Every structure is written in C-alpha cells, then in structure tokens.
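I opened my notebook next to the viewer today and jotted down what I looked up, entry by entry. Here are my notes, in the order I made them.

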Number of protein chains: 2
Amino acid sequence: MEPQFTPLIDSLPSTVPFVGPEALERKRNRIFRARLGANENSFGPAPSVIAAMQENAADAWKYADPENFDLKQALAAHLGVAPGNVVVGEGVDTLLGLAVRQYVQQGTPVVTSLGAYPTFNFHVAGFGGRLVTVPYRDDREDLDALLDAVERENAPLVYFSNPDNPMGTWWAAADIERFIARLPTTTMLILDEAYGETAPASAMPPIDVSRPNVLRMRTFSKAYGLAGMRCGYAIGAERQILAFDKIRNHFGMNRLTQAAALAALKDQDYLTSVIARIIAGRDRIAQIAAGNGLRAIPSATNFVTIDCGRDGPFALSVLNALIERDVFVRKPMAPGLDRCIRVSVGLEHELDYFAEQLPLALASLA
Amino acid sequence: MEPQFTPLIDSLPSTVPFVGPEALERKRNRIFRARLGANENSFGPAPSVIAAMQENAADAWKYADPENFDLKQALAAHLGVAPGNVVVGEGVDTLLGLAVRQYVQQGTPVVTSLGAYPTFNFHVAGFGGRLVTVPYRDDREDLDALLDAVERENAPLVYFSNPDNPMGTWWAAADIERFIARLPTTTMLILDEAYGETAPASAMPPIDVSRPNVLRMRTFSKAYGLAGMRCGYAIGAERQILAFDKIRNHFGMNRLTQAAALAALKDQDYLTSVIARIIAGRDRIAQIAAGNGLRAIPSATNFVTIDCGRDGPFALSVLNALIERDVFVRKPMAPGLDRCIRVSVGLEHELDYFAEQLPLALASLA
C-alpha cells in the first residue's frame, strides 16, 4: 500500500495548462525564429529594470520582504488606493489560485466563459469546483450570459478578463460597471486586467475599492515585459485583500522581482513607448492577416487573434504549418473560437518572418 | 452581504509565519548591522551564479520553461536519479504546501515536532489538517515519538527535518533509515533536508526512489545562497512526483531562478568553499557563546542555536537586547526549546559585531 492521495487529488489528471515553447523546441529539435505564441512582450523590460535586476543579483541570498512593503506602497500610490487594498503575488496565476481557494470547495459552481483562461479553470478543478461555462458571443465574453449563469447557479465566484484573452476583444468601462452593479453582492468577480495597460482608457473602469465583491488582477508580465519574473497584484476591498494573508506563501516572492517591479513602475516613459510599439505591432499583424485574405479581430491586448475563415481543424492546420516553419503561435480551442489563431506582437524581424511564412503555410494547405 | 469565504478560510487567521528583518527595520527605523536571524547564507551565491542572473536579466520577458526541463535533467544527474523523480518548485515552502494539499483534508491528522518549521504548520492549518505534535527530546526531533504518533493517529503525513531547524541537531543516516523502515507504507514522510549540504555525510541516507512514501526536499536557499530566488526541489518515487503536476503552478518558476540554480549546481567548487566557511562560522559562534558562559548546541546547519541557560522569558530578553543593538537573530518559541536563541552564520564583520554586542546585551539584563 502506498500513501493515499485525497479523493480530490486522486481524481485530477497530471496536466500542464499550456505546452511551453521550449517543450516544442525540444520536440522539434529546432528553436523558433519567431516567438509569437505566449503573449509575452518581446520588447522586454526597460533598461532601468534590467539594471535593477543586475544590481540586485548579488543580494539574492536574502529572502525577500514577505510583506512586499515597498512594492505595495508604490503600487498603492500609482493606483490611488491604500496599501491595504493591494496584495502582491508570484504572478496572477498564483493569485488566481489563492482567490479560488478562498471561495471554492468540492462542488462549488464557478462561472467563466467557454474558452477563457485555462489556468483559472485548472485552479477551479484543483479545488474541486464545478465549472459553469457560457459561450462567447461575437468573439466577446458575454457579460449578460455570465450574469445569468451566476444567478442561475448561485455561484460565489465569476471570472472574466477585460481585455479578453484569447480573443483580444474588450468591453467599455460602462459595460463593466453595469455588470458589477447587477452582480449579486455575495458573488466575487475576478476581473483579470492582465492586458489593461494596452487597452484604450475607455475600457478601464475607475478603481473602486469600496466594492467587497470585485478583485481586479494585474500583472508585470505583459506591458511591463516581466513574464519570467512572476509578479502580479490584486486590488480590492481591505477585508478581501487581507484574506490572502491567511493562505499565501508569505516568503514566495523573488527578491529580484520586487526590485524589478519597483523599477518598472517608476519607468512609465518606457511603458508608454512599449505600448505604442505594441499598438503598431497589432496594426502590422492585422495588415499581414488582411494581405492573406484573413480577418484580424480588433485587439486591445498585446496579441491579435486572426480568424482563419474556416473551421477549427483548418485553423489547427494553419497553426501546425506555422510551427513547422519555426513560427510559435497558439490558438483558441473552444468551439466557435477555434477557427482562429493567436499571434502575439513581436519584434519587427519576427513579424517580418511571420509575414513571409504565413502565405507559405496557407499555400501548403491549399 | 459580502462574498462568503469557505468555512475553512473563514476560520483561519491572517498571519505571517515569520516577521521579516525588513519589517523589524521599518519598525525600529534603523537597519541591522548583523543580519543573523533568517538562516540565510551571507556568503552569497557564486560569482558564476551572479553572472548567470545578470546575463539572463534581459530575457526576463519570456516565461520560464514550465517543465523545468534543463534544471530537472541537471538535478537528476547530480542526484543519480531519473528526471521523473524530481519536481522543482518556487522554494521548499511551495512544495510543502503542494505536498500537504495532496494528503490533507479537513481533520486529517499530520504529525510533526512541537517547535519545528512553522511554515509547514501554516500549510497544514491552511488545508484544514489537525496538527499532532511531539516534543523534542534532548534538543533533537524524537524519531521514536514521531513514529508512535503516526501509528496512534493513523496519520497519512509526517514531517521532520534533518538536520533540524531550529535546533541545528541531526540524526545519523542509519537512524533515518530505521525510521523509514518502521514507517507505515501508507504514511508519507516529508524529510526536509534544507540544510543537507552543511551536514556531515554520515547524516544523509542514500537516495532511494523505490520508496513511495518518502519525499526528500532540498533547496537552493541555504548552502547555495539563493534564498531570494525561490528554488526548491523534491525527490521521490515517480508516481508521487508526478502528482505535483496535478496542482502545481506550472508557470510559477522564475526564469532567472532557473538559470541561477543551473549555474549554482555546476559550481560545486564554490559550494565546497562556502560549506567550509559555514563550518568555520559555526565554530566561531560556539566560541563566542562559550566566551559568554553560554552553551552552543552542536549544529549541522548554517546556524547555531545557543542555550541561554535559563528560561524562555530570559532568552527572549536576550533576543530583544540583541535586536536593540542592531543584531537580527531569532529564537525557538516552543516550551523547552525556548531557552535558546538562534544565530545564523554571517560574514566575519557581522560575527565580530555579534561578539562585541552579546556581552553588552547580557550585561544589560544582569
């Protein structure tokens, strides 16, 4: 007899929510020439941020401040809230897991969109929750249907992202605010704003920490170019933020990451310049798509989702043909969304290469 | 009405297992002159490791390989096991949390020593487990009593560390092996070897991954000097290691940390030199204690626990007097152990300062 896992753990598969590009490279035994699949920010962190990491490297023997004091102060000042309204974690993924754990037990209904962020679903499954999914409508998360599902299921937790991943679409702030106003006060909304910095200002509702049922999550992984450093934060009412201290890994933050995030927050000029480059990159990807007779879905993120114009298997074959040609991209898999591939904004030479390879990939399927 | 936490979450306090030195510095409004409380490695990581972090800083925009492929290969080769016998995580704390989650539900008995690692207890409480503690005996974890408690409670999980934190004591490999042989096969042992590198070779049993009920946990935080980078690993039977993939945060590892750990593992000469310095530092701390009429408990770790010769309140006043004098140390709090303070090996100038301040601290209490 071996040690017995809990029944819940026993029931779960050993799975990875995404296959990393490195795993594909090992399998192909060849590296990618364009890394456009993981919604990373190829422009990278600011030179000031790289310098901060390098300067702090020799201090890596010290544990990080478990209170994230300096970073919370800086974030609070930046956001116009109190430090008690902010919790910092090792990426939004970690914070999502902690938030799910706070509200989900075996069988708890949790509402999300069919085809939305798989890592959120991974956490819900990991704590025994029951996923209730509603389809996208017109390539956007369907706010009314999400609300209906919340009410029908009496769900204590609902998730959506604005702007959305994997479609890149977004709602206006007024629509989000209407959603929040209509949401039962006993239902927590996780509003994932990982792509908030690249969205039009009109998509971002003002922060209102008087709402005890909204957690807004943001990250240094996207616009700030620090995906590999793992730093996200959640903004919410004080009681809900304090609850993270019940279960979070207090010494989990990386010391260099704290330094990097602080430096990144200070360098808003660099952020502004990167956002401009991301927007230009989105336009370029849309042009490349159009040049191949494909429609790019308008995006507020650092990627563009391209409608391949046919069914899921066709889009999958486009994806595979691109990967064969050393272009790393990903695609939505849910019915209706699966007709698309998703292309992150990359460096100019990467988009050049994509522009060169996409017609060849399409031709290979003709 | 606000969103309702699960009953378990509702019952937990918002707490930090340890107060960090930075928090004390903020409170005192003065920085420490000797940082000797957190069992960090003041000698720091190898120059080759610092260089690796600096070289990889510009790549921080990429997510880390979620499979930790290169690091697992290197660890497996180093340990003489297969990559499938190793799981890498964001510090041992994270791996402890995941291991607890695999075996613990509401009310599950979990055995540990009274006064052993608080973060393990934090995780057990966080998943609703019922801690069953046995006292230390002669300043060592009491292996026979731990076994008795496992059998009495039919506990699926037992934890101990060898060498031990907070006392620095250790058991010989043969004693550990006897413990494992006697352990019910349905009980998982978490054998925390965070301080394994600084222990005599005779304290470390050979690795035997055929045992499905032993997880050995090791870290880059101590001898390798990378506490701030968060990298630990667990070694065990394949099925038990694979179970971590059910619930771990696959994209949780920091990319610079992967590079740092790989470089650290390669630089075994530096590790050897640091271990020699740690051993010399232990001797120095023991001499300082003896020079003040106090007994140092023999240590196999990177710290020395000093018996202050009286009761808990006295040792606490010694601790506070040292902190007032800008010497950051910690102390065990459990009955019997609380007569001690715990002093990490530091740089020569830090131990000089400790040697200067300890008699003043003691004199202030006379």
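Where does A:Pro163 lie in chain A? I found A:Pro163 in the loop between β5 (157–161) and α8 (173–182) of chain A. A reminder to myself before going on: this is a predicted model.

**Entry: cis peptide bonds**

I looked up A:Pro163 for its backbone. The peptide bond leading from A:Asn162 into A:Pro163 is cis, and its omega is near -5°. In chain B I noted a cis bond between B:Asn165 and B:Pro166, with omega about 20°. I placed B:Pro166 in the loop that runs between β5 (157–161) and α8 (173–182) of chain B.

**Entry: positive phi**

Next I checked backbone phi in chain B. B:Asn29 is not a glycine, yet I read a positive phi of about 60° for it. I located B:Asn29 in the loop between α2 (21–28) and β1 (34–35) of chain B. Is B:Asn29 buried or exposed? With a relative accessible area of 71%, B:Asn29 is exposed, because the cut-off for exposed is over 50%.

I then turned to B:Asp326, again not a glycine, and its phi is positive at about 70°. B:Asp326 belongs to the loop between α12 (312–324) and β11 (327–328) of chain B. Its relative accessibility is 10%, so I wrote B:Asp326 down as buried.

**Entry: cysteines**

How many disulfides are there over all chains? I counted zero. For A:Cys308, the nearest cysteine sulfur is that of A:Cys340, 6.8 Å away. A disulfide needs the two sulfur atoms within 2.5 Å, so A:Cys308 is in none. A:Cys308 is buried, its relative accessible area being 4%.

The nearest cysteine sulfur to B:Cys308 belongs to B:Cys340, at 6.8 Å, and B:Cys308 is in no disulfide. At 3% relative accessibility, B:Cys308 counts as buried.

**Entry: the sheet in chain A**

In which order do the seven strands of the open sheet in chain A come? I traced them as β2-β8-β7-β6-β5-β3-β4, with mixed pairing. β2 (86–89) and β4 (130–134) of chain A are at the edges with a single partner strand each, so one side of each has no neighbour in the sheet.

I followed one pairing in detail. Strand β3 (residues 109–113) of chain A runs parallel to β4(A), and five bridges join the two. I picked out A:Ser113, whose bridge partner in β4(A) is A:Val134.

**Entry: helices on the sheet**

Which strands does helix α4 (residues 69–79) of chain A touch? Packing on the sheet, α4 touches β2, β7 (214–219) and β8 (232–235) of chain A. The direction of α4 makes about 130° with that of β2(A). I also looked up helix α5 (residues 92–103) of chain A, which lies across β2, β5, β6 (188–192), β7 and β8 of chain A. Relative to β7(A), helix α5 runs at about 160°.

**Entry: one isoleucine in chain B**

Last, I clicked on B:Ile279, which I found in helix α11 (residues 268–291) of chain B. B:Ile279 is partly exposed, at a relative accessible area of 34%. From B:Ile279 to B:Ser299 I noted 20 residues in sequence and 9.0 Å in space, C-alpha to C-alpha.

Notes. Residues numbered from 1 in each chain as written. Chains lettered and ligands numbered in written order. Predicted model: local features only at pLDDT ≥ 70, side-chain atom pairs only at ≥ 80, totals over all residues. Heavy atoms only, no water. Helix = DSSP H or I, 4+ residues; strand = E, 2+ residues; numbered from the N terminus. Buried < 20%, exposed > 50% of the residue type's maximum accessible area, 1.4 Å probe, protein only. Pairing = 2+ DSSP bridges. Contact = heavy atoms within 4.5 Å. Axes fitted to C-alpha atoms, helices over the stretch in contact; angles between N-to-C directions.
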